[in-house]
Amino acid sequence: MTELVLHMFRATLSSATPIMLAALGGMFTYYANIFNIAMEGMMLTGAFFAVYGSYFFGSWVIGIVFALLSGLFMAGLFAFFAIYLRCDEFITGIGINMLALGWTTYALRSTFKVKGALISPKIVPLPKWNIPFLDRLGSVGNIFSGHPFLLYLAFISVFILEILIFNSKFGLHLRATGEDPETSRSAGINPIKVKLVATVLCGLLSALSGVYLSLGYVTLFSENMSNGRGWISLAIIILVKGRPLAILGLSLIFGLFESVGLILQHYKLAPQFAAMVPYIATLFVLYFYGKEKRKQG
Amino acid sequence: MKIFQRIAVSIISIISAFIICAVLIKIQNNSPIDTYKALYTYGLGSWFSFSSTLNTATPLIFTGISAAVAFASGVVNLGQHGQLLMGAIITAILGVYLNLPSSIGISVLVIIGGLVGALWAGIAAILKRFYKMDEFISTLMLNFIAEYFTVYLATYPFLDKKAYVPATRLIKRIYFMPDVNGLNFAFFVAVFTILISYWYIKKTWHGYEFRMMGYNFNFAKVGGCSVESNTTLVLLFTGFLSGLAGSLLILGGTQHRFMKGIGANFGWDGVMIAIIANNSVIETFFYSLFFGVLKNGAIGMEFETSVPSEFILFMEAVIVLAVVGTRSAVEHYTQWMRSMAKLRKVVSKND
């Protein structure tokens, strides 16, 4: 039983990471007042190109580089349509998500000649880090030690981003642009530039979240593998109004739900019900949030 | 003039989308000309291709109007996928067990399918109405839940043990929808639904309120529209349409049973169609046919060339972005040029 609980906590950290990375990316666009729903697509292309780089070059570093480049491209595309061509952000986001789904499914077929999922020993996963001291603590240390390094990066970046948003000039510019672009323009900030930077940061972080999905969480790429995580990230951002520390908290809660779902599969419950858990959890979290909001008036 | 401009923008951007895709096909060492030729032959080339294109377009018409009516009313229903699946599963299950004469049975199944779709959307409606939960996220989450739930039903309680994949049993033969020269009766139901929806949105009091809500939500509220109950009504109505799509997919499609993956991408395709059609019901109909050509042609494309049929998903997204991008760019920059011209006039008058 204790082993199961420990296993559950370990899985919680792991499941929380991709949601958290994408939510941190979406946080930038949230503060820049861009209604960005393209995280799902950015995550998916990131996951695909991470596997692509890792498969053909035999190195996870190249995988990450490829993923980041794809994130940059997707962010550029989003910015081109939403910021320069003045398309509706919602519509652009849906278009980009579909583009990502279409492209990755098509490329999986035409490049790797497989349908459904690519599983291959040629895909090099992210290395796992053992944290000194912690790995000597036995089972408790086991929860925290031996994860892919992106997980540690994600947790550390939460604190860095909290400082960046609330205690730096860039954060101030970002929030000011989001609040009122015209006023910030008169204060000498270029709102278009700030929005562009926010979109690019979102693209990069979402792509990293994709890398974690395909090279860290598992070592494969399957069609539509982001499976709604981008939407859950969006729900989290909206709920916590973008605050990084709160994103950390909620991502952990979602990670817990996901790992509970995974553990339920060991019992006599149909796997489909276990897979539903995170989505039902999202509805519940939204419900409690709504209740809280009504109490405040 | 306005209509002419819109058609021109659509045609130009669709052509440019085709050119972009041609370049990508060329990069992958395939022939764009052969690919497009196959797309045409299998999508439109003969009566056989054309009628099966219309059959392919049928579910798209329903999910398309569902999204279009919702968006035009300022309600973000993205739950077509889930509503379709729920409508499909209930039809597939009842189609095995229901004992009714043929035509009555079909009508009952269609209506029940639609109602179950409406009920599934109704969950989002309740959450919105009583708990102020954004329908945009709740309909999305309900998609995933419906997906897993229907697969569960087809894998465990209602599994056809002779099937190779999770699937329910074949529905009774008397409930198969008839074909007219290869064109399934479901298509006529779709056309009829288009006409009804158009009439409802354009000519009735409710439809007027819906449109006002989409046009300016606060204005509609101040103007005395019962915004809350209208939102509920829109969700139920658009859910009903998606449920119909699922029900007709079972009764009028080719498989006549619920299989894993039967919903394909109909939900998101409907959303994309509504977007490029600018939420107009009639335009949605034509774009659904266009997407039907692409989808049906895709099978031929895979058959004739080495381009996999999944390419069409990508192509649809390129078309959406091209149309929407060109439209808003044209709108924005013509407005800008007009205001510049006006400014110049004012300045030169003062000189």
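A salt bridge is taken here as a side-chain nitrogen of Lys or Arg within 4 Å of a carboxyl oxygen of Asp or Glu. By that definition, the structure holds eleven salt bridges over all chains. The model is a predicted one, in which local features need pLDDT of at least 70 and side-chain atom pairs count only at pLDDT 80 or more, while totals for chains, interfaces and linings use all residues; side-chain values use heavy atoms, with hydrogens and water left out. Residues are numbered from 1 along each chain as its sequence is written, and chains are lettered from A and ligands numbered from 1 in the order in which they are written.

Chain A comes to twelve helices and four strands, where helices (H or I, at least four residues) and strands (E, at least two) are DSSP runs numbered from the N terminus. Its radius of gyration is 19 Å, close to the 19 Å that the globule rule gives for 297 residues, so chain A is as compact as a globular protein of that length; the radius is taken over C-alpha atoms, and the rule is 2.2 Å times the number of residues to the power 0.38. Of the 297 residues of chain A, 56% count as buried, a term that means under 20% relative accessible area, with exposed meaning over 50% and partly exposed lying in between (1.4 Å probe, protein chains only).

Within chain A, a salt bridge joins A:Arg243 and A:Glu162, with 2.9 Å from N to O. The two residues come from distant parts of the chain, 81 residues apart, since A:Arg243 is in the loop between H10 and helix H11 (244–264) of chain A and A:Glu162 is in helix H6 (residues 149–167) of chain A. A:Arg243 counts as partly exposed at 41% relative accessibility, whereas A:Glu162, at 12%, counts as buried.

In chain B, the side chains of B:Glu283 and B:Arg6 meet in a salt bridge of 2.3 Å, N to O. B:Glu283 belongs to helix H12 (residues 281–304) of chain B and B:Arg6 to helix H1 (residues 2–27) of chain B, so this pair ties together parts that are 277 residues apart in sequence. Another salt bridge of chain B links B:Asp160 with B:Arg257, the closest N and O atoms being 3.0 Å apart, and both of these residues are buried.

What, then, lies between chain A and chain B, counted in contacting residues? With contact meaning heavy atoms within 4.5 Å, 44 residues of chain A are in contact with 44 residues of chain B. The two chains bury about 4,100 Å² between them, 81% of it on carbon and sulfur atoms, where buried area is the accessible area (1.4 Å probe) that two parts lose on being put together, summed over both. Two salt bridges are counted between chain A and chain B, and one of the salt bridges in the structure pairs A:Arg109 with B:Glu302, whose closest N and O atoms are 3.6 Å apart. On the side of chain A that touches chain B, the elements that give two or more residues are helix H3 (60–84), helix H4 (89–112), helix H10 (229–240) and helix H12 (271–296) of chain A. H4(A) gives the most to that side, with 15 residues.
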